[in-house]
Amino acid sequence: MVKIAKLALEDGTVLKGEAFGYETTKLGELVFSTGMGGYTESLTDPSFKGEILMSTYPLEGNHGVSEKWYQSDSIQVEGFVCREVCREVSNFGPQKTLDEFLKEFKTPGISGIDTRDLTLKIRERGSLKAAITTEDIDDEKLLEMARSQPSIEDKDVVPLVSTKEIKIFNEDADKKVALIDCGVKKNIINSFLERDIGVILFPYDTDYKTVLDYSPSGLMITSGPGNPDRVSETIETMKKLSNRLPVFGICMGQQLIAKSFGARSYKMKFGHRGENQPVKDLTTGKVFITSQNHGFTIDKESLKETDLVLTQINLNDGTPEGISHKELPLHCIQYHPEAGPGPNDTRSIFDEFNQMMDDY
């Protein structure tokens with residue numbers, strides 16, 4: 001017997017489809033991702049906290065789920081929306097089905113709706129507040145739940161995904177990098193460990209003195225969910241450390257670093273989410289295909305009022321993808337060089353930061 005699920009949007013749209021995953025009701029901002037694979041990695045990416053994820057690819061679940069693909073310890077999205085769910089796994093390595101995966105982490109899913117039409121709606125209207133349910137809730141109540149929730153701009157989601165305690169990986173390494181955790185992905189940590197660089201993972205609100213107590217060779221501000229304006233603690237720490245250590249930032253890390261120098265951020269209409277975003281390096285002229293997941297960006301005009309320079313842009317909309325400092329050993333990027341999922345075009349950026357730490 002088919003179980004009905006509903007997806008209600010703040011514009012009054014109520015869609016009905018087939019339920020899968022856990023029987024519950026969740027609220028969040030509905031966003032779409034254009035990736036053709038990597039649903040396990042996306043569902044476990046902390047940068048999706050507070051959001052209901054919709055896949056533009058029409059079939060999900062066919063290669064199952066394996067814990068080795070996780071980017072955090074659990075599912076981070078509030079709900080999952082797709083055109084069709086494959087119930088039969090066609091892969092020798094997975095440990096569970098997509099349906100079992102969502103049930104394990106109490107996450108609702110809806111399939112059997114026109115995700116192409118819904119993607120076009122979001123591209124036209126922008127990301128929308130939404131409610132997803134696999135329970136018996138009437139349309140009007142579900143609409144009210146969707147509309148009455150606070151905007152993602154007003155939610156404090158970084159504290160929900162940041163580590164609660166300091167953690168050290170590869171403690172015996174000669175060189176260690178301090179990671180301020182705003183929602184780090186496992187692939188970021190692994191990218192340092194693969195290069196025999198130790199990692200000291202700090203909560204997002206760690207003060208600069210505590211970071212310096214561990215004598216790191218460099219500082220990185222990680223990716224994370226939501227509005228960078230609401231992560232003032234990390235911005236203040238960055239202000240105190242920018243001239244003491246080589247600095248690297250990914251995704252939200254770029255936004256927080258830029259804001260610490262006086263730049264401004266804003267919410268994008270529907271953001272960049274997927275594995276196929278083209279980025280151009282303004283120095284070399286090279287173009288890279290990158291993996292991205294963000295709904296906020298830096299106002300590139302505001303960079304002119306700072307000591308930061310724009311080094312890379314997104315070829316679709318011209319938004320900043322790379323920023324460096326005019327004098328300090330500091331470089332940050334808006335995309336994910338560690339992939340997970342996505343292309344490996346820019347993994348060498350970790351080597352460049354490693355060299356920056358050596359030079360410093």
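Author: Here is a walk through the sheet, the core beside it, and a few residues and salt bridges.

Before we start: this is a predicted model, where local features need pLDDT of at least 70 and side-chain atom pairs count only at pLDDT 80 or more, while totals for chains, interfaces and linings use all residues. Residues are numbered from 1 along each chain as its sequence is written, and side-chain values use heavy atoms, with hydrogens and water left out.

Okay, the sheet. Two strands pair if DSSP finds at least two bridges between them.

Zoom in on one pair: strand E17 (residues 308-314) and strand E18 (residues 320-325) run antiparallel and are joined by five bridges. Leu 308, for instance, has His 325 in E18 as its bridge partner.

Ser 324 is in strand E18 too. Ser 324 is buried, with a relative accessible area of 16%; buried means under 20%, exposed over 50%, and partly exposed in between (1.4 Å probe, protein chains only). Leaving out residues up to four places away in sequence, Ser 324 touches Asp 307, Leu 308, Val 309, Thr 311, Leu 330 and His 331, where contact means heavy atoms within 4.5 Å. With His 331 there is also a side-chain to side-chain polar contact at 2.9 Å. That term covers a pair of N or O atoms within 3.5 Å; within protein, one must be able to donate a hydrogen and the other to accept it, and residues adjacent in sequence count only if both atoms are side-chain atoms.

H8 brings us to the core. The largest nonpolar core has 27 residues, and the ones touching the most other members are Cys 182, Leu 219, Ile 221, Val 231, Met 238, Leu 256 and Ile 257. A nonpolar core is a set of buried Ala, Val, Leu, Ile, Met, Phe, Trp, Tyr and Cys residues joined through side-chain atoms within 4.5 Å. Two or more residues each come from strand E11 (176-181), strand E12 (198-203), strand E13 (218-221), helix H8 (232-241), helix H9 (252-260) and strand E19 (330-333). H9 gives the largest share, four residues. Ile 221 touches, among others, Ile 180, Cys 182, Met 238, Leu 256 and Ile 257, not counting residues up to four places away in sequence. Apart from this core lies another one, of 20 residues, including Val 184, Ile 197, Met 220 and Ile 333.

Thr 206 is in the loop between E12 and helix H7 (208-213), and at 8% relative accessibility Thr 206 counts as buried. The side chain of Thr 206 reaches the backbone oxygen of Pro 203 at 2.8 Å. Thr 206 also touches Val 211 and Thr 237, not counting residues up to four places away in sequence.

Last, the charged pairs. The structure holds 22 salt bridges, each a side-chain nitrogen of Lys or Arg within 4 Å of a carboxyl oxygen of Asp or Glu. In one of them, Glu 338 pairs with Lys 185, with the closest N and O atoms 3.0 Å apart. This pair links distant parts of the chain, 153 residues apart: Glu 338 is in the loop between E19 and helix H10 (348-359), and Lys 185 is in the loop between E11 and helix H6 (186-193). Glu 338 is buried at 1% relative accessible area, and Lys 185 is buried at 2%. Another salt bridge joins Asp 351 to Arg 195, with closest N and O atoms 2.8 Å apart. Asp 351 lies in helix H10 and Arg 195 in the loop between H6 and E12, so this pair ties together parts that are 156 residues apart in sequence. Asp 351 is partly exposed, with a relative accessible area of 40%.
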